[in-house]
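Please look over the structure shown here before reading on.

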Amino acid sequence: MRTRREILLTAAAAAVLTATAAWWVAGAVRGGSGLERTLADARAQTADELSETRRTAIVTAAERVGPAVVSVNVVATQVVRDPIFDDPFFRGFFLPPRERRREVQGLGSGFIVSQDGYVVTNQHVVRGASRIVVTLVDGRQMTAEMIAEDDLTDLAVLKVQAEDLPVAPLGDSDDLLIGEWSIAIGNPFGYLLADRNPSVTVGVISAIGREVRPEPGAGQSQVWSNMIQTDAAINPGNSGGPLVNANGEVIGVNAFIFSGGSGGSIGLGFAIPINRVRRVLQDVIEYGSIRRPWTGLHLAPLELSEGQVPVGARVQRVDPGSPAERADLRPGDIVLSTDGRSLQSALEWEGRLLDLPSETPIRLEVERGGSTFEVDLRPSQDPLVDARRIATDYGAAFVVLDSTLASHLGLTSASGLYVERLASGSPLRALGLQPADVVLAVDSRRLVGAGDAEVLGQFLRAGRRGRLLVEREGRVGQIQVF
């Protein structure tokens with residue numbers, strides 16, 4: 001039998017349980033549990049704060065440009081050489097290469113600049129492509145046509161067949177502020193992240209007007225002048241994507257990074273200024289190709305003077321028949337400024353030409369023999385565009401050299417057949433020739449004109465022994481044919 005004390009404790013516990021149950025029932029009647037009300041209140045507060053605190057200028061800018069960002073998927077043929085031919089011992093020989101070809105896939109980014117399907121990306125993203133597929137944010141995949149590409153500016157313009165596409169607004173890269181927000185949009189490591197959505201990274205404009213010198217022996221053809229530096233993370237796959245300001249305007253095309261050997265971003269990214277892209281797009285609209293202003297003026301850096309970097313650049317050579325020759329510029333002259341802007345280096349000169357509309361006059365301040373004077377330099381069409389070209393049935397395309405073209409290309413020989421392109425199956429490639437070589441002679445026969453390409457063809461078809469005289473990178477050597 002229970003004691004009186006046990007009976008009282010049991011009654012008290014029952015009362016507590018009854019009161020608790022009544023509280024939960026009452027809470028349910030009032031609209032849910034305390035936990036449910038807490039979560040509901042948090043959701044309401046989050047919704048209220050979204051437009052006030054979370055929807056920043058960065059969010060708005062990404063929403064404005066993001067729909068126009070695309071993935072650029074490329075299939076290209078890559079030639080792989082036997083590494084033994086990279087040994088310095090073999091550099092004095094023009095030997096038939098031991099090489100193989102393989103089909104490789106590449107990935108980059110780009111952005112749409114017109115509703116009817118023009119897309120801008122880096123030239124190095126689509127270099128050597130046999131097939132280009134552009135993927136939009138909405139999942140559509142479209143085969144892209146190469147409209148124009150230029151290795152000097154590292155820009156390419158593609159075209160897809162579509163209408164009413166989202167367009168990225170273009171800003172003004174001459175109006176940048178060091179320290180303002182910068183937003184990199186693209187598809188980094190897209191081959192690992194198996195979706196089509198671009199990613200966004202944020203930083204600031206770290207510097208403007210950067211002159212980035214190529215590494216010695218890197219074989220770089222691009223001119224990295226007047227570049228935008230940013231610490232917004234740019235990683236593999238971001239190349240060709242837009243760099244955007246806080247207004248949601250594209251101010252640059254993400255191009256490359258310094259990775260410190262890590263392969264990833266360490267806060268040193270560089271973008272091509274959008275005003276250079278505007279000039280390229282205008283060329284494509286007017287001429288159907290990318291044009292380069294040609295002056296025939298080749299500048300070299302000045303030597304340090306008592307530890308100080310001098311202003312200007314020295315005239316190294318002047319192409320015969322060029323605008324520079326007509327302006328009476330001479331080797332040894334010092335170019336101090338262009339259009340009233342002080343010139344700091346030879347690289348800066350190349351960059352200013354890239355941003356110059358074709359055939360726009362340039363006012364130069366020049367020093368010669370201790371005196372200074374001004375001269376008007378009027379660029380003209382690149383002589384390579386109108387040069388005589390020869391297509392052959394043995395997989396080679398040649399340009400017939402003259403003294404102007406030879407100087408323009410930095411060649412030693414003033415005549416010969418300049419190898420512009422070589423098909424992968426060309427017998428010349430099997431003999432060891434490469435694009436940018438100059439074929440000077442077959443045995444004792446000099447090759448100086450368009451008809452001489454057939455002389456070379458007959459030699460190849462005959463399958464006889466002999467030799468080819470070839471210039472490569474300033475050296476003249478022989479290719480023995482057995």
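What follows is a short briefing on the chain as a whole, then on one helix, then on salt bridges.

This is a predicted model, in which local features need pLDDT of at least 70 and side-chain atom pairs count only at pLDDT 80 or more, whereas totals for chains, interfaces and linings use all residues. Residues are numbered from 1 along each chain as its sequence is written, and side-chain values use heavy atoms, with hydrogens and water left out.

**The chain as a whole**

- The protein chain contains 10 helices and 28 strands, where helices (H or I, at least four residues) and strands (E, at least two) are DSSP runs numbered from the N terminus.
- Of its 482 residues, 44% count as buried; buried means under 20% relative accessible area, exposed means over 50%, and partly exposed lies in between (1.4 Å probe, protein chains only).
- The accessible surface of the protein chain is about 25000 Å², and carbon and sulfur atoms contribute 52% of it, as computed by the Shrake-Rupley method with a 1.4 Å probe, where for residues only the protein chains shown count as cover.
- Among contacts in the protein chain with a separation of 6 or more, 61% join residues 24 or more positions apart, a contact being heavy atoms within 4.5 Å.

**Helix α3**

- In helix α3, which spans residues 57-65, the buried residues are Ile58, Ala61, Ala62 and Val65.
- Viewed down the axis of α3, these buried residues fall within an arc of 100 degrees, so they line one face of the helix; the arc is that of the directions from the helix axis to the C-beta atoms.

**Salt bridges**

- The structure holds 18 salt bridges, each defined as a side-chain nitrogen of Lys or Arg within 4 Å of a carboxyl oxygen of Asp or Glu.
- Arg472 and Asp437 form a salt bridge in which the closest N and O atoms are 2.8 Å apart. Arg472 lies in strand β27 (residues 466-472) and Asp437 in the loop between α9 (427-431) and β25 (438-442), so this pair ties together parts that are 35 residues apart in sequence. Both Arg472 and Asp437 are buried.
- Arg389 and Glu420 also meet through their side chains in a salt bridge (2.9 Å, N to O). This pair links distant parts of the chain, with Arg389 in strand β22 (residues 389-391) and Glu420 in strand β24 (residues 417-422), 31 residues apart. Arg389 counts as partly exposed because its relative accessibility is 40%, and Glu420 is partly exposed at 24%.
- Asp150, Asp151 and Arg292 are linked in a network of salt bridges.
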